[in-house]
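Work through the exercises below with the structure in view. Try each task before reading its solution.

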Amino acid sequence: MEVLHFGIILVALSSVFGIIYPRPDSRAVKPLQGGKRVAEVSYTGEIATEATRKKVVSESVFAWLLVGPAMLFIAVIVAWPLAETIRLSFMDAGLGGETYVGFANYEELLESRKFHQTIIRTFYWMFLSVALKLILGLIGATLLNAAVPGRALFRVLVMPPWVIPIAIGCIGWLWLYNGYFGVLSGTMMKLGITDGPFEFLAHKQSAFYSAIVTDVWVGVPMVTLFFLAAMQGVSRDLYEAAWVDGAGRWYRFRRITIPQIMPVIVSMSLLSAIFTFNSFEIIWILTEGGPRGATTTLIVDTYKTAIGNYKFGEGSARAVIIVLLLGAFSLAYLFFLNRVNRKYGVK
Amino acid sequence: MATLDLNNISKSFGAAKVLHDINLAINDREFVVFVGPSGCGKSTLLRIIAGLEEATGGQIIIDGNDVSRADPVDRGISMVFQSYALYPHLSVFENIAFPLRVQKIADAELKERVGRAAEILQLTDKLQLKPGQLSGGQRQRVAIGRSIVRNPKVFLFDEPLSNLDAALRGDMRVELSQLHSQLNATMVYVTHDQVEAMTMADRIVVLNGGRVEQFGTPMELYHHPATKFVASFIGQPNMNLIPAKVLEAGAGDITVELDGGAKMTLPVESQGGIVGSKVEVGIRPEDVSLADEGLRVGVRVLERLGGASITYGTIGNGTRFCASLPGNAPVQEGKDMTLAVDPAACHVFDANGDVLRRQSAPALVA
C-alpha cells in the first residue's frame, strides 16, 4: 500500500512539473513503480535461494543495487525539476535572465483576485468532474457487472474514450460543440430549443460545463473499469448468502458491494481528482482557458504564465502552489483512507 | 420445525443433465447427509432446496407447502456456505445480525437474538471482532450463528467443514451433532467425506451421477449396501471387490470361484440364470482374520497404526486386497499371509453392480 501511495504522490508531482519542464510524459513514472516492485520480488527471491547460492554481495548492497536505477531515475525526472522549480519561484526569470526577488512572486499571487478565482474555479472543476466520473463509473460498472446478455460487447464499448488519444477525442468534441456545424447545436435548433446557432464554447458558463462534459467523457472509462474489476472481486457467496437471508438488490448493493469496493472508490477518487486537477489537454484544445478565463484552471494558468508569457518565475510560483495544494489534498486522502480501511477493512 | 419432501427433482445445465428424478422424504428433526464424489450433484441439489438454483422439474415441499418457485427467504431455510460467506467488513455481531437487519427487526429484540445465538456458539466475547481476526473454527461458528438467528425450518450446510484442518474437523463434527440435538431442527448436510456422513447423519443419501444410489441409516448403508458404489464408498478402508464366477446357485446360497481359484459358498439370495455369470464379491477389510488356511494374500505394504495393522496386497491374478488386522498381527511386507473370511460377512454384486440380498447380517442398531 505504501508503495501505491508513494506512487500516487509521485504521479501528482511529476505531472505538475512536467508542465514546466519538457516532459517525457507523465507515463515516465510508471517504470519507477515497476522498479520498486522488482526490488521486492528479488528480495523474496533472495531469501528463497539463500541456502543454495553463495553470497557475492551483502544483502543491503544488493538491495541498493536494485533500488539504485529507480532512485537515479527519480532524481533526474522528479527531484531535480522540483528543486529547480522551487528555486525559480523566487526569481524574476524570463528569456533575458534571472534576478532574485524573494517572495515577490508569491505575494503578488496572494493579492491577486483573479488568482483566487482561479483556485476556486479549479476546485469546483475538480469536484464536479470527479463526482460525475465516480457516479457514472459506479452506475456503469454495476450495469456491466450485471448478468445481461452481450455484456462482453458493452465492456468493449466502454473503452473508446479512454483508448482514443485525448487530442483526437477533444477535436471530435470541438466539432460537436461547434455552433454552425455541430450536431448539438443543430439538434437543439431542430427541436426548437434555440432560435439560432449556439456556440457552446463561446459563452462563459456553457464553455465551462462543456469542458466538464468532455473531461468526464474521457475520465469515466478508467473509473468504470476499476470499479468493475473491484466488483468482480467480490465473492459470489456473499451475495448468495445475503439473498438467502432475504436481502434485495438495493440492500445487497448498499451493504455488500459498496463497502467491499470502498477502498477502490477512495483510491480512484484521489487518482481521478489529481488527474482532473491537472487536466490540461482537454481544456487547452477546447478553449485554451477562455472565454475570458472561464475555463482557466490552475494548470492552464501556470502554462499560460510560464510558457505563454515566458514568466518562468511567476509560473514556478504557481506550480509550487499547486504542489502544496495537492500535497495537502493527498494527506487528507491518506487520513480518510485510513478511516475507511478501519471501518470497511477486514480488521 | 419441518419435513422436507423432494418430488421428482431434476436439473439440467443446458444439455447436461446433472440430477435425475430425485425423490426424498426427510422427516421432521432429522439430520440427513448428502454424500457422494465430486460432481455427483449433491451441492446442486442443496442449492435447489435453498432456492439458489431453480430445478428443471419437480417439486420441493417444506412442511406441506410447495416452495418450488419461492424466493430463498420465503422457504424458511437458512444456509451455511462452504466458504462461510462472512461479510469481511462487518463485525461478528453485524454478521450474525445481518438476516435480522434485513427483516428490520427492532434493536432490542435483535440484540437479544444475536446474544442468544452467540451464547449457543460460544462467541459472546468475539462479537466486536471482524471475521479476519477469527480462527477457522470460529468463523465457521459465526456462519452457523447467522443461520440459526433466523429460526429457520430447515438448516442447509454445504460442505461446512472442508476448509478446516483434520483435528478441528473432528471437534466441529461433535459440536454440530450437539447443535442438532440442542436446536431440534431438520438439517440437510452436504459432504464428500463419508466419515462425516457416518458419524453425524440420522440418514444418509448416497448420490452418484445425479441419481440416488441409496437412502438409509448409516448402519443400513454399511451392512446392506444396495449397490457396489455404496459398498465401496462407505467404510474405511474401502471394501475389497474380488471378481468371481458363479458355479452353483442353491435356495439360499451361491457357490463362487474367486479370482485365484478359491471357492466359497455365500449365503445370499439369487435369481435363476445366475450360474456361470460374473459377479464381484465384496469383503470389508475389517471382516477378515489371520488363520491357518483360507485366502492367500501377498502383502505388499504394511501400515502399523498401533491399534490396527492395515495391509495392502494382492490375491489371485493381481486383484488388490486390503485387510485390517490387529495391531500386533504377525505379518510382514513381502510375505504371504492366509486369511479366514466369514462367508456371512461377504457381499455379492451382480454385473450391474446391484447387490444380491444377504441372508444374514448383524442386527441393525436402532
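Helices (H or I, at least four residues) and strands (E, at least two) are DSSP runs, numbered from the N terminus. The model is predicted.

**Exercise 1.** Find what share of each chain counts as buried.

Solution. A residue is buried if 20 or more other C-beta atoms lie within 10 Å of its own. In chain A, 32% of the 347 residues pass that test. In chain B, 42% of the 366 residues do.

**Exercise 2.** Work out how α14(A) and α15(A) are oriented to each other.

Solution. Locate the helices first: α14 spans residues 298-308 of chain A, and α15 spans residues 312-344 of chain A. Next, take the angle: they pack at about 160°, with their axes 7 Å apart. Angles over 145 degrees count as roughly antiparallel. Therefore α14(A) and α15(A) are roughly antiparallel to each other. Their crossing is left-handed.

Now list the contact. From α14(A) come A:L298, A:I299, A:D301, A:T302, A:T305 and A:A306. The α15(A) side includes A:F312, A:R318 and A:I322. By class, the contact has 6 nonpolar, 4 polar and 3 charged residues.

**Exercise 3.** Report the predictor's confidence in chain B and in the complex.

Solution. For chain B, the mean pLDDT is 89, and 98% of its residues reach 70 or more. For the complex, the ipTM is 0.82 and the pTM is 0.76.

Terms used. Residues are numbered from 1 along each chain as its sequence is written. Chains are lettered from A and ligands numbered from 1 in the order in which they are written. This is a predicted model: local features need pLDDT of at least 70, side-chain atom pairs count only at pLDDT 80 or more; totals for chains, interfaces and linings use all residues. pLDDT is the predictor's confidence in each residue, from 0 to 100. A residue is buried if 20 or more other C-beta atoms lie within 10 Å of its own, exposed if 12 or fewer, and partly exposed in between; C-beta atoms are placed from the backbone. Axes are lines fitted to C-alpha atoms, for helices over the stretch in contact, and angles run from 0 to 180 degrees between N-to-C directions. Angles under 35 degrees count as roughly parallel, over 145 as roughly antiparallel, 65 to 115 as roughly perpendicular and the rest as oblique. A crossing is left-handed if the near helix is turned anticlockwise from the far one by less than a right angle, and right-handed if clockwise. Two residues are in contact if their C-beta atoms, placed from the backbone, lie within 7 Å. Ala, Val, Leu, Ile, Met, Phe, Trp, Tyr, Cys and Pro count as nonpolar, Asp, Glu, Lys and Arg as charged, and the others, Gly among them, as polar.
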